[in-house]
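Let's take a walk through this structure together.

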Amino acid sequence: MKSSPDDLAIFGGKPLFLQVLHVGRPNVGDQVKLMKRMSDVLKSRWFTNNGSQVQEFERRVAETVGVRHCVAMCNGTTALEIAIRAAGLTGEVIVPSFTFVATAHALQWQGIMPVFCDIDETFCLDPNRIEELITPRTTGIIGVHLWGHTCNVEALAAICGRFNLVLLFDAAHAFGCSRNGVMVGRFGRAEVFSFHATKFLNTFEGGAVVTDDSAFANCCRAMRNFGFSGEDQVSALGINGKMNEFEAVMGLTSLEHMEEIVVANRNNYLAYRKELRDIPGLILMDYEENERNNFQYIVIEIAEKAGVSRDLLHALLQAEGILARRYFHPGCHRMEPYRSLYPRAAHFLPQTERACARMLCLPTGTGVGAEQIRTICALLSFVVRNDVDIRARWKGLSVSGSSSGSME
Ligand code: T4K
């Protein structure tokens, strides 16, 4: 461990981790089984277009979530786009800005304006701030269950009921999570998962729309396959949103290891909780113990008491080989094309602005263990204990022109 600020890698010391630690290392599961399945797919000569592995994956996802239909797609973004189109959304749709940019892009890509609403202490849409954003052009709300924390589904459903709006959820982070004992995937008209490599359940790239609504599911199925309704009959506009067989077998293998992955993630969460407990100004995002969680994200808030800013801490960690991520900085409203469309948005999104400036995701997953977590937290503790000295040195570096001055 470091004994003086001079030892920090950012000031020229040796990095703590020569092999860097990531936030989103993929979970692989049983590799032998996976390779056998891959080989079976190769032998079958059926690689895509609603093959048997995709159908089996859809069946298993639907069963795990407790919904009637799962429509697997090539990625979460396409699944969102298809769900939005199948729901008939037009005009304006209310979404959080504190999310991955795909949530907003899925709307804007189809000429629908994302209208950014502020978040509350759960990091999800604040239901108290929604009604003021509803206009005659509003057709729906897309809540995001950020980091597996569920939206206030009941309040959002009540608003949608009162204003006749469609309710969808971007559940990219929330496969395997529950709200009041009900699995995510069962809320709103439909929910959308991402099975990207970095997600709790992974299919390399992938996603799905899940719903109990048969007509909606059929519409999504047709849309993901160019709108085909027969061998050479196209009944509606569609796109190529299909998942392939190799992705599906990765998903099936991941699904079989779900419980072990939860245990590994939860152990990491508990290890971080223990180690971070006594570090002033570093507040770990809690998981509700009486719900099902995937514990996929370790997120800390860096408060004033820490004495260093989130951005300085991020730079310090990166230099040490700890590739923490500033999700979801700087917020969709500060990214193009939204920054130009809504130049004053920041004034109306105070909680979003605060979260964008303070939150940091730390490495976790099956590739990270207790020993590494102890080292990361010992470093965090060292930084907070030496905050004054570190800030002064950082300022010195910035003044001498070696680094950006904006990090302090
Ligand atoms: N809605 C929400 C709320 C989302 O968070 C996302 C995606 C979507 C919708 C859209 O779903 P998809 O269309 O992606 O299915 C990553 C992911 O690419 C993205 O899926 C995810 N959200 C987002 C939160 O994170 P980046 O740009 O941060 O990825 P990247 O390449 O920097 O990787 C993150 C970390 O994971 C790095 O430390 C490297 C590590 N990594 C990554 C990959 C791909 C690995 O260790 N192995 C890998 O194979 O977006």
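Start at the ligand: a polar side-chain atom of Asp 170 sits 2.7 Å from one of its nitrogen atoms. Keep in mind that you're looking at a predicted model. His 173 also puts a polar side-chain atom 2.7 Å from the ligand, this time from an oxygen atom. Then there's Lys 199, with a polar side-chain atom 2.8 Å from a ligand nitrogen. Taken on its own, the ligand has 920 Å² of accessible area, and the protein covers 77% of that.

The ligand is surrounded by 25 residues, and Asp 170 is among the closest, along with Arg 25, Thr 77, Arg 325 and Tyr 327. Sorted by class, that shell has 12 polar, nine nonpolar and four charged residues. Two helices to pick out here are α3 (76–86) and α4 (102–108), each of which supplies at least two residues of the shell.

Strands in a sheet pair through backbone hydrogen bonds, in either a parallel or an antiparallel way. Here you'll find an open, three-stranded sheet in the order β12-β13-β14, with antiparallel pairing. β12 (282–284) and β14 (359–362) are the edge strands, each pairing on one side only. From one strand to the next, the twist averages 35°. Look at β13 (residues 298–302) and you'll see four bridges joining it to β14. For one spot to check, Val 299 has Cys 361 in β14 as its bridge partner.

Methods: Residues are numbered from 1 along each chain as its sequence is written. This is a predicted model: local features need pLDDT of at least 70, side-chain atom pairs count only at pLDDT 80 or more; totals for chains, interfaces and linings use all residues. Side-chain values use heavy atoms; hydrogens and water are left out. A residue is near a molecule or strand if one of its heavy atoms lies within 4 Å of it. A polar contact is a pair of N or O atoms within 3.5 Å; within protein, one must be able to donate a hydrogen and the other to accept it, and residues adjacent in sequence count only if both atoms are side-chain atoms. Accessible areas come from the Shrake-Rupley method with a 1.4 Å probe; for residues, only the protein chains shown count as cover. Ala, Val, Leu, Ile, Met, Phe, Trp, Tyr, Cys and Pro count as nonpolar, Asp, Glu, Lys and Arg as charged, and the others, Gly among them, as polar. Two strands pair if DSSP finds at least two bridges between them. Axes are lines fitted to C-alpha atoms, for helices over the stretch in contact, and angles run from 0 to 180 degrees between N-to-C directions.
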